[in-house]
Amino acid sequence: MSLTDFRTLGRSGLVVSPLALGTMTFGPGPFGADEATSRSIFDAYRAAGGNFVDTADIYSGGASEELVGQFIRETGSRDEIVLATKFGFNGSASPLAATQGSGGNPHAGGAGAKNIHRALQQSLRRLGTDYIDLYWMHIWDGVTPVEEIVQTLGDLVRAGKIRYFGFSDMPAWVAMKAATIASERHVPGPIAMQLEYSLVARDVESEHLPVAREAGMGVMPWSPLGGGFLSGKYNKADTSGSGRLSGPNPFGNSKFNDANWAILEVLRAVATELDRLMAEVALAWAMDRPGIASTLIGASKLSQLHSNIAATEIALSAAQMERLNTASAPPVGFSSGLTAPGIRAMLFGGHSVTGWGE
Ligand SMILES: NC(=O)c1ccc[n+]([C@@H]2O[C@H](COP(=O)([O-])OP(=O)(O)OC[C@H]3O[C@@H](n4cnc5c(N)ncnc54)[C@H](OP(=O)(O)O)[C@@H]3O)[C@@H](O)[C@H]2O)c1
């Protein structure tokens, strides 16, 4: 596989690479990359044939969008690139101030029509373009009716301001309801989901992935390395390491638990067998999972980007996939339990019946 092994994103005509360039690290900040490093990451991704670039209005306070827009302009690549950005988080007050109830503008966040129009205008300005290829609702706000979200985003598609839209970080039922409303009304609906998904984050398998399959939505994993955890650079005895998850950091230390250390050991064994880096094998696993359309990669250094792209060269054997699947299997919950092999056999007279898309 390579970055030019293009596929459509969900049931749409949007043609994308199997790895998308995440640019959350572009711009200032302790875990970010300065302009020169960001440019080298962008150029290397493009040189490898990648066409799918993901940013958000909130990343580095808008600097990520500005840098992405600048690199696209400098390289004259607007027509070739699938440019994705997001709305939803509120940039008018710091997260800390907001949790203390102070100060921000309630119309500068969420999924209401007023904010979507405001956010899009700002993103287009920072990106220096007049349309977005894929506009993401970054996070569901819990209050805006799904009907309003579909109407607002569908109108923007018809107005030519965005080509497609997708949902990130939402309950599965929100995506299913939006897709159903859209198909019943014959209007544009969401084509993709952006979700945390990796060897150490598989809980979306029970509800979100079946919804994506049913509604024809492509799935884009974010943090496929668990924020760097799956590169193997942290260890149980000493998590200080050097990277995003070291010491006090806004991402917390939620990845450092016994279940994840055990997964890491299986990943290490498979990577050693293949003589590849653990990060590469973790990405190859995510890309190979059912329903995964394009996996987001993030890098704070150019060398990381090169090794992440090299994941496309790995073909895991069925036995290696099985070991990784077993080691990282999420607990069987109510929804996933309903489709367990034992139940299926009970319902179909002892036969194992495979459903469409499974
Ligand atoms: N929709 C959402 O809510 C959401 C949330 C998060 C991210 N995203 C998107 O997904 C993209 C990727 O997410 P992510 O950055 O969290 O992905 P990730 O792959 O889990 O983590 C990337 C980080 O891991 C470290 N790393 C990457 N490759 C490495 C390697 N080969 N060896 C060692 N360390 C390595 C780097 O951090 P250090 O060098 O600092 O260790 C890098 O910044 C983002 O850019 C963004 O576009 C979306």
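This report describes the ligand site, the nonpolar core and several individual residues of a predicted model.

## Basis of the model

The structure is a prediction, in which local features require pLDDT of at least 70 and side-chain atom pairs count only at pLDDT 80 or more, while totals for chains, interfaces and linings use all residues. Residues are numbered from 1 along each chain as its sequence is written, and side-chain values use heavy atoms, with hydrogens and water left out.

## The ligand and its shell

The ligand has 32 residues around it, of which Asp169, Ser223, Lys233, Arg244 and Ser300 come nearest; a residue is counted here if one of its heavy atoms lies within 4 Å of the ligand. By class, this shell holds nine nonpolar, 17 polar and six charged residues. In this scheme Ala, Val, Leu, Ile, Met, Phe, Trp, Tyr, Cys and Pro count as nonpolar, Asp, Glu, Lys and Arg as charged, and the others, Gly among them, as polar. Helix H10 (residues 302–309) gives the most to the shell, with three residues. Helices (H or I, at least four residues) and strands (E, at least two) are DSSP runs, numbered from the N terminus.

Polar contacts are pairs of N or O atoms within 3.5 Å; within protein, one must be able to donate a hydrogen and the other to accept it, and residues adjacent in sequence count only if both atoms are side-chain atoms. A polar side-chain atom of Arg244 lies 2.7 Å from an oxygen atom of the ligand. A polar backbone atom of Gly226 is 3.3 Å from a ligand oxygen atom, and an N or O atom in the side chain of Trp222 is 3.5 Å from a ligand nitrogen atom. The protein covers 93% of the 910 Å² of accessible area that the ligand has on its own, as given by the Shrake-Rupley method with a 1.4 Å probe; for residues, only the protein chains shown count as cover.

## The nonpolar core

The largest nonpolar core has 99 residues, among which Leu9, Phe52, Leu153 and Phe167 touch the most other members. Such a core is a set of buried Ala, Val, Leu, Ile, Met, Phe, Trp, Tyr and Cys residues joined through side-chain atoms within 4.5 Å. Buried means under 20% relative accessible area, exposed over 50%, and partly exposed in between (1.4 Å probe, protein chains only). Helix H9 (residues 278–288) gives the most to this core, with nine residues.

Beyond its neighbours within four places in sequence, Phe167 is in contact (heavy atoms within 4.5 Å) with residues including Trp136, Ile149, Leu153, Pro190 and Met193.

## Helix H5: Thr152 and Arg158

Thr152 belongs to helix H5 (residues 146–158) and counts as buried because its relative accessibility is 5%. Its side chain reaches the backbone oxygen of Glu148 at 2.8 Å. Leaving aside neighbours within four places in sequence, Thr152 is in contact with Ala113, Ile116 and His117.

Arg158 is also found in helix H5. A polar contact of 2.7 Å joins the side chains of Arg158 and Asp155. Not counting residues up to four places away in sequence, Arg158 touches Gln151, Val187 and Pro188.

Glu65 lies in helix H2 (residues 63–75) and is buried, since its relative accessible area is 0%. The Glu65 side chain reaches the backbone nitrogen of Asp57 at 3.5 Å. Apart from neighbours within four places in sequence, the contacts of Glu65 include Thr55, Asp57, Ser123 and Arg126.

Gly62 is located in the loop between strand E4 (52–54) and H2, and is buried, with a relative accessible area of 1%. Gly62 touches Asp57 and Arg126, not counting residues up to four places away in sequence.
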